[in-house]
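Look at the model below with its chains shown separately.

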8 protein chains.
Amino acid sequence: MAERWRVYLSGEIHSDWRERIRAGVAEAGLEVDLTGPVTDHAASDDCGVAILGAEEQPIWKDRKGAGVNAIRTRTAIEKADLVVVRFGEKYRQWNAAFDAGYAAALGKRIITLHPEEHNHALKEVDAAACAVCREPQQVVEILKYVTAQE
Amino acid sequence: MAERWRVYLSGEIHSDWRERIRAGVAEAGLEVDLTGPVTDHAASDDCGVAILGAEEQPIWKDRKGAGVNAIRTRTAIEKADLVVVRFGEKYRQWNAAFDAGYAAALGKRIITLHPEEHNHALKEVDAAACAVCREPQQVVEILKYVTAQE
Amino acid sequence: MAERWRVYLSGEIHSDWRERIRAGVAEAGLEVDLTGPVTDHAASDDCGVAILGAEEQPIWKDRKGAGVNAIRTRTAIEKADLVVVRFGEKYRQWNAAFDAGYAAALGKRIITLHPEEHNHALKEVDAAACAVCREPQQVVEILKYVTAQE
Amino acid sequence: MAERWRVYLSGEIHSDWRERIRAGVAEAGLEVDLTGPVTDHAASDDCGVAILGAEEQPIWKDRKGAGVNAIRTRTAIEKADLVVVRFGEKYRQWNAAFDAGYAAALGKRIITLHPEEHNHALKEVDAAACAVCREPQQVVEILKYVTAQE
Amino acid sequence: MAERWRVYLSGEIHSDWRERIRAGVAEAGLEVDLTGPVTDHAASDDCGVAILGAEEQPIWKDRKGAGVNAIRTRTAIEKADLVVVRFGEKYRQWNAAFDAGYAAALGKRIITLHPEEHNHALKEVDAAACAVCREPQQVVEILKYVTAQE
Amino acid sequence: MAERWRVYLSGEIHSDWRERIRAGVAEAGLEVDLTGPVTDHAASDDCGVAILGAEEQPIWKDRKGAGVNAIRTRTAIEKADLVVVRFGEKYRQWNAAFDAGYAAALGKRIITLHPEEHNHALKEVDAAACAVCREPQQVVEILKYVTAQE
Amino acid sequence: MAERWRVYLSGEIHSDWRERIRAGVAEAGLEVDLTGPVTDHAASDDCGVAILGAEEQPIWKDRKGAGVNAIRTRTAIEKADLVVVRFGEKYRQWNAAFDAGYAAALGKRIITLHPEEHNHALKEVDAAACAVCREPQQVVEILKYVTAQE
Amino acid sequence: MAERWRVYLSGEIHSDWRERIRAGVAEAGLEVDLTGPVTDHAASDDCGVAILGAEEQPIWKDRKGAGVNAIRTRTAIEKADLVVVRFGEKYRQWNAAFDAGYAAALGKRIITLHPEEHNHALKEVDAAACAVCREPQQVVEILKYVTAQE
């Protein structure tokens with residue numbers, strides 16, 4: 001397939017899973033463009049008030065930040081051929097599940113990436129996915145397979 | 001507005017929030033049909049294997065159950081004018097966030113219903129909602145307002 | 001045509017144009033359901049904080065109100081076969097123009113209703129409309145024509 | 001994100017806000033293509049009759065002009081990832097609000113840009129936007145943030 | 001099939017083909033609602049200026065009329081399950097072909113109804129149709145077949 | 001759920017699986033409307049030429065028949081909330097697989113119904129389904145579950 | 001606007017209007033790609049049987065040809081930003097009107113190009129267009145205007 | 001037409017039909033990108049368990065494989081302008097018919113490629129196609145015709 005693939009990497013920002021997928025994609029020389037949210041936690045939380053002005057109430061600070069981040073994430077998900085959604089050990093990561101639902105309704109292909117312990121809690125999300133991975137390297141293997149030229 | 005409203009109640013199944021909304025809607029005589037997932041936890045978890053046959057692996061039992069439940073929930077969400085998504089104190093409720101993302105991409109109106117302590121974790125979901133409620137009665141008040149005839 | 005028509009009446013809330021259309025539709029016995037926003041100005045401005053709690057900043061009071069009103073207006077516009085958008089002599093009525101653009105992108109039929117003095121300022125909106133009316137009675141005449149059984 | 005962003009600049013044509021955004025984007029070397037309507041007021045008003053022939057009635061002159069301009073603006077909005085809508089101090093700018101509604105129904109990301117005094121009149125439009133800016137430089141800052149590579 | 005079918009009858013207004021289909025549907029007691037344009041030629045041509053005011057130029061008289069008629073026809077085509085498009089011996093009937101293209105792009109089922117002599121000129125339209133009929137009674141027979149309960 | 005469900009029964013026409021589902025639905029008193037293709041094999045094969053005129057070449061006889069049947073089946077599938085696709089022991093039933101693909105792209109919920117021996121050959125179709133059933137009674141059980149009122 | 005425009009030239013194939021638009025676009029150096037149907041009349045009529053095998057009945061020869069041509073025309077129209085539809089003095093050109101309806105339902109911008117004598121017969125098509133031109137050079141002028149960089 | 005065409009080659013993987021189309025396209029120097037599923041039968045069957053881990057039950061091995069293959073095939077079909085679907089002499093190839101239905105609902109142009117003996121069994125699929133070919137070279141001839149520059 002001559003055309004490059006666009007893959008959005010959604011979810012957990014506290015481990016190096018994106019870097020591992022990037023490294024695997026680069027090493028294999030895949031025709032894949034990887035996008036994602038801003039992963040600098042503080043920058044992501046503060047982007048709204050930093051650009052648009054301070055807020056006294058935390059809820060409106062969060063609203064402004066979520067708005068600015070949505071410009072980036074919604075655009076990238078809509079352009080993506082495939083969305084990889086990572087759920088880590090900690091945190092609730094409702095935004096990852098939200099992204100998965102959003103991608104599902106748009107008819108995007110979805111890969112989930114999470115430890116086995118979350119299988120039951122993520123059963124609805126996994127049922128909407130084409131593949132459930134445990135390790136970033138499995139995502140890379142799938143990308144190799146689906147982009148292979150014959 | 002002569003036409004009845006269809007409202008889907010998504011999320012937490014361990015408290016009586018759906019009953020309280022139902023009671024409020026009935027008391028006010030609103031032209032609103034309320035739908036939702038099967039809220040009998042055991043029935044919901046077991047529906048796949050109970051109907052389609054047992055599975056040895058929990059992951060495939062869950063997959064079968066998620067598939068059967070998706071017939072109900074996806075159909076109801078697509079028919080809904082409005083989706084109310086409840087996040088409770090406990091559990092990860094990724095399926096609620098998934099439903100919210102799904103509804104958002106379909107262009108549905110969304111109301112979230114959750115305690116203040118989840119404001120930050122739910123900021124992306126709240127930013128996609130038309131209203132953030134704390135109490136079921138607030139959902140009922142909104143339904144009164146939006147369905148009022150003049 | 002056996003099926004009832006759904007017509008959304010958007011825009012100016014300071015004159016009796018809606019009542020005149022309602023009266024004309026009733027008098028002619030048309031198979032038409034008329035919907036619209038809440039036209040009690042104070043109730044519309046205050047609905048957000050009245051139901052969801054007070055805000056110190058006017059901008060967030062307005063945001064809450066706009067969210068609640070959007071539940072009503074977006075739902076009604078999406079269900080409408082035809083959207084009538086009224087621009088009056090006073091006020092900027094950006095929300096009316098917003099509704100018109102929203103309806104246009106959804107492929108809805110649009111009728112504008114405004115005095116001649118606004119012709120130039122509304123030229124883009126009028127170009128997206130099927131008809132430009134000056135008087136509510138003209139809207140009623142169109143409804144008679146388009147719903148007539150032969 | 002490797003792909004270039006397409007941003008449509010809608011609305012007021014009497015101040016230099018577009019130039020300021022263009023300058024900021026150029027200075028920062030952003031991967032952003034900026035489009036917009038024809039901003040030469042006379043050319044925009046006259047394009048219909050200049051190309052398609054004169055009209056005696058102003059309303060039909062305007063209709064012809066609006067049609068030709070719509071070819072440009074509708075095409076650009078549909079291709080845009082993000083629509084920035086500017087409301088100035090003067091003029092009614094219903095076409096800006098129309099563009100915002102059109103973009104909203106297409107699911108585009110929207111940024112509004114207007115002085116605080118219009119907050120209340122624009123509350124419905126702002127509620128559909130991801131961000132409300134006061135200054136063109138804030139739009140540039142958002143573009144930097146959402147297009148940043150990590 | 002319990003649900004009633006909605007069938008739009010587009011095209012030629014100079015022969016009694018609609019009446020013959022109506023009679024056949026009534027006689028067979030089919031669960032079918034038939035809609036169509038206003039078939040009173042003068043009323044259809046004049047509806048724009050009659051309701052919205054006179055025009056000096058014929059082209060703008062026609063534009064006004066086409067706008068008002070589009071409210072009726074577009075709404076009915078979008079609601080239709082099936083569109084029957086009739087091309088008669090005389091007249092160019094470009095609006096019939098336009099309706100067929102419009103219905104095709106919406107994914108509607110199409111039946112064409114025309115004499116054999118138009119086969120070549122209508123080959124693109126016929127290729128987009130599910131059936132090519134010569135007589136109104138054939139349309140009735142198809143309606144019987146497709147709505148039959150088993 | 002107050003609203004009735006619309007379920008399309010696609011595929012094999014040589015066994016009594018549709019009758020068994022109908023009987024189960026009737027016995028349980030479910031709010032479900034069942035639709036399907038014409039299952040009289042000869043009538044289905046001959047409908048095109050019987051209504052539209054004879055053809056010498058079998059391929060064009062088939063084309064005419066497929067066109068007429070498509071009016072019924074496409075309309076019913078588009079209206080369906082759920083599509084049940086049955087693959088029997090004999091025949092290739094490519095039209096059943098076609099219906100499944102069509103329903104999948106429309107975002108419909110799908111249930112497949114086939115013996116275990118076809119698991120491998122139907123793996124792509126089953127992966128697009130919410131449930132894989134072996135017996136009609138299992139379809140009835142799913143319908144009971146998804147339509148249950150609480 | 002940096003991106004190239006895609007313009008489909010539909011309709012009459014007996015005059016040099018396409019060449020004149022091509023020449024004007026080339027002379028002005030516009031960023032516009034022009035596409036269209038195969039305009040060699042005999043090749044267009046025969047393409048079906050020439051590639052797929054002879055047919056005895058003219059209607060099936062036409063069907064095969066229409067199918068092959070549809071691959072080209074439907075693909076090009078769907079990719080187009082703008083569709084120019086030409087109606088000439090002779091022939092019925094129902095396929096041009098069909099293309100216009102198809103483009104209208106897809107939300108494409110449309111320009112019609114025809115002599116004044118067809119104004120009344122084309123009133124529905126013109127009402128769906130952004131501009132009505134008499135001469136190819138007017139189409140070129142519009143393309144200059146809508147693609148102009150500022 | 002300046003833009004390259006994207007053509008997806010679906011179906012039978014046991015003969016050299018894809019190679020023959022590739023060779024014809026290359027020889028003619030067409031602006032066509034050809035994509036398709038992984039055609040190494042064993043690799044295709046095993047991709048799920050090879051990447052995502054072994055399964056004891058064949059049905060879940062197949063489910064995993066179908067999921068991974070769907071990432072490739074769904075993405076490629078959605079990007080395709082044209083889908084060629086090949087049905088061979090042997091095997092049931094329900095996935096080919098599924099792909100055809102999927103492409104049809106997306107509004108893609110379809111070419112079927114199969115021996116005459118399957119005409120009757122494939123009549124529904126052929127009726128949704130723009131052309132029915134017997135030989136790969138016919139597909140190449142169509143590609144030459146539809147991509148020809150004038």
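In this predicted model, helix α3 (residues 58-79) of chain B and helix α4 (residues 94-105) of chain B have axes that come within 10 Å and cross at roughly 40°. Because of that angle, α3(B) is oblique to α4(B). The crossing in which α3(B) passes α4(B) is right-handed.

Which residues make this contact? From α3(B) they are R74(B), I77(B) and E78(B), and from α4(B) they are F98(B), D99(B), Y102(B) and A103(B). Sorted by class, the contact of α3(B) with α4(B) has 4 nonpolar and 3 charged residues, and no polar ones.

The next feature is a core. In soluble globular proteins, nonpolar side chains tend to be buried together. Here the largest nonpolar core has 39 residues. Those with the most contacts inside this core are V83(E), V85(E) and F87(E), together with V83(G), V85(G) and F87(G). At least two residues of the core come from each of α3 (58-79), β3 (82-86) and α4 (94-105) of chain E, and likewise from each of α3 (58-79), β3 (82-86) and α4 (94-105) of chain G. Which element gives the most to this core? That is α4(G), with 9 residues.

Leaving aside residues up to four places away in sequence, V85(E) touches S10(E), A96(E), A100(E), I110(E), I111(E), T112(E) and L113(E).

Finally, some chains stay apart. Chain A and chain E are joined by no contact, and their closest C-alpha atoms lie 19 Å apart. Chain B and chain G do not touch either, with their nearest C-alpha atoms 19 Å apart.

Technical notes. Residues are numbered from 1 along each chain as its sequence is written. Chains are lettered from A and ligands numbered from 1 in the order in which they are written. This is a predicted model: local features need pLDDT of at least 70, side-chain atom pairs count only at pLDDT 80 or more; totals for chains, interfaces and linings use all residues. Side-chain values use heavy atoms; hydrogens and water are left out. Axes are lines fitted to C-alpha atoms, for helices over the stretch in contact, and angles run from 0 to 180 degrees between N-to-C directions. Helices (H or I, at least four residues) and strands (E, at least two) are DSSP runs, numbered from the N terminus. Angles under 35 degrees count as roughly parallel, over 145 as roughly antiparallel, 65 to 115 as roughly perpendicular and the rest as oblique. A crossing is left-handed if the near helix is turned anticlockwise from the far one by less than a right angle, and right-handed if clockwise. Contact means heavy atoms within 4.5 Å. Ala, Val, Leu, Ile, Met, Phe, Trp, Tyr, Cys and Pro count as nonpolar, Asp, Glu, Lys and Arg as charged, and the others, Gly among them, as polar. A nonpolar core is a set of buried Ala, Val, Leu, Ile, Met, Phe, Trp, Tyr and Cys residues joined through side-chain atoms within 4.5 Å. Buried means under 20% relative accessible area, exposed over 50%, partly exposed in between (1.4 Å probe, protein chains only).
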